[in-house]
Amino acid sequence: PEIWKQTEGKITHFVVGVGTGGTISGVGKFLKEKNSKIKIWGIDTYGSVFKKYHETGVFDPDEIYPYVTEGIGADILPKNVDFSIIDHFEKVTDKDAAVFTRNLARQEGILAGNSCGAAIKGLLQLKKHFNKEDVVVVLLHDSGSRYIGKIYNDDWMQEKGFI
């Protein structure tokens, strides 16, 4: 409700990383009740089943493989995910999620978690779908404090081949 008030009801797109599905489904339902034309876009990671399942209705075990990005993606279909609310899923690589997470800290002063970097990169991948008048809300719902030894650690990033 606060997001809606702060934007004076002008939101056209809502973007968020999808893990258990509670945030995107709950916020997405609320926003669609306010304006059915709002686009709800979920950010997924490679190795997760969400995008393919959303597009085809098929749960494909061959889509599942290990990934580094925490907080988004799944190898199951959590009951919290209401796929009927979500208009599109966009996949982001582990490397891009990590690099964009660090960019948030370096460029914006936001110590965010890995799923937040994925959300920003996903937003940029989707930019061709936006026009000048759109009001896009990206929810960054993970703190970077748990990632000091990972994403914010140069040795870890080099070990993973991210920098």
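**View 1. Helix α2 and its buried residues.** In helix α2, the residues I24, S25, G28, L31 and K32 are buried, where buried means under 20% relative accessible area, exposed means over 50%, and partly exposed lies in between, computed with a 1.4 Å probe on protein chains only. Seen down the axis of α2, these buried residues fall within an arc of 140 degrees, so they line one face of the helix; the arc is that of the directions from the helix axis to the C-beta atoms. The buried residues of α2 pack against α1 (2-6), β1 (13-17) and β2 (39-45), contact being defined as heavy atoms within 4.5 Å. The 13 residues of α2 (residues 22-34) should span 18 Å at 1.5 Å a residue, and the end C-alpha atoms are 18 Å apart, which agrees; the expected span of a helix is 1.5 Å times one less than its number of residues. Helices (H or I, at least four residues) and strands (E, at least two) are DSSP runs, numbered from the N terminus.

This is a predicted model, in which local features need pLDDT of at least 70 and side-chain atom pairs count only at pLDDT 80 or more, while totals for chains, interfaces and linings use all residues. Residues are numbered from 1 along each chain as its sequence is written, and side-chain values use heavy atoms, with hydrogens and water left out.

**View 2. Helix α4 and the residue D94.** The buried residues of α4 are D94, A97, A98, F100, T101, R102, N103 and L104, and what covers them includes β2, β3, α5 and α6. D94 belongs to this helix, which runs over residues 94-108. Although buried, D94 has no salt bridge, and the nearest side chain of opposite charge, K160, is 8.4 Å away; here Lys and Arg count as positive and Asp and Glu as negative, whereas His and the chain ends are not counted. The side chain of D94 is instead joined to that of T69 by a polar contact of 2.7 Å, a term for a pair of N or O atoms within 3.5 Å, of which, within protein, one must be able to donate a hydrogen and the other to accept it, with residues adjacent in sequence counting only if both atoms are side-chain atoms. Apart from neighbours within four places in sequence, D94 is in contact with T45, Y67, V68, T69 and F162. Just after α4, G109 takes a positive phi of about 75 degrees.

View 3. The structure holds nine salt bridges, each being a side-chain nitrogen of Lys or Arg within 4 Å of a carboxyl oxygen of Asp or Glu. One of them joins K91 to E63, with the closest N and O atoms 3.7 Å apart. This pair links distant parts of the chain, since K91 lies in strand β3 (residues 88-92) and E63 in the loop between α3 (50-56) and β3, 28 residues apart. K91 is buried, with a relative accessible area of 7%, whereas E63, at 23% relative accessibility, counts as partly exposed. D44, E63 and K91 are linked in a network of salt bridges. The side chains of R102 and D154 also meet in a salt bridge, at 2.5 Å from N to O, and this pair likewise links distant parts of the chain, with R102 in helix α4 and D154 in helix α6 (residues 154-159), 52 residues apart. R102 is buried at a relative accessible area of 11%, while D154 is partly exposed at 40%. D142 forms a salt bridge with R146, the closest N and O atoms being 3.1 Å apart; D142 counts as buried at 15% relative accessibility, and R146 is exposed at 57%.

**View 4. The enclosed helix α5.** In α5, 10 of the 12 residues are buried, so this helix is largely enclosed by the rest of the structure. Among the buried residues are N114, C116, A119, I120 and L123, and the cover over the buried residues of α5 includes β1, β2, β3, α4 and β4 (136-138). Helix α5 (residues 114-125) reaches 17 Å from its first C-alpha to its last, close to the 16 Å expected at 1.5 Å a residue.

**View 5. L139 and its contacts.** L139 is placed in the loop between β4 and α6 and, at 24% relative accessibility, counts as partly exposed. Not counting residues up to four places away in sequence, L139 touches F14, V15, V16, T23 and A119. The C-alpha atoms of L139 and I3 are separated by 9.7 Å, although these residues are 136 residues apart along the chain.
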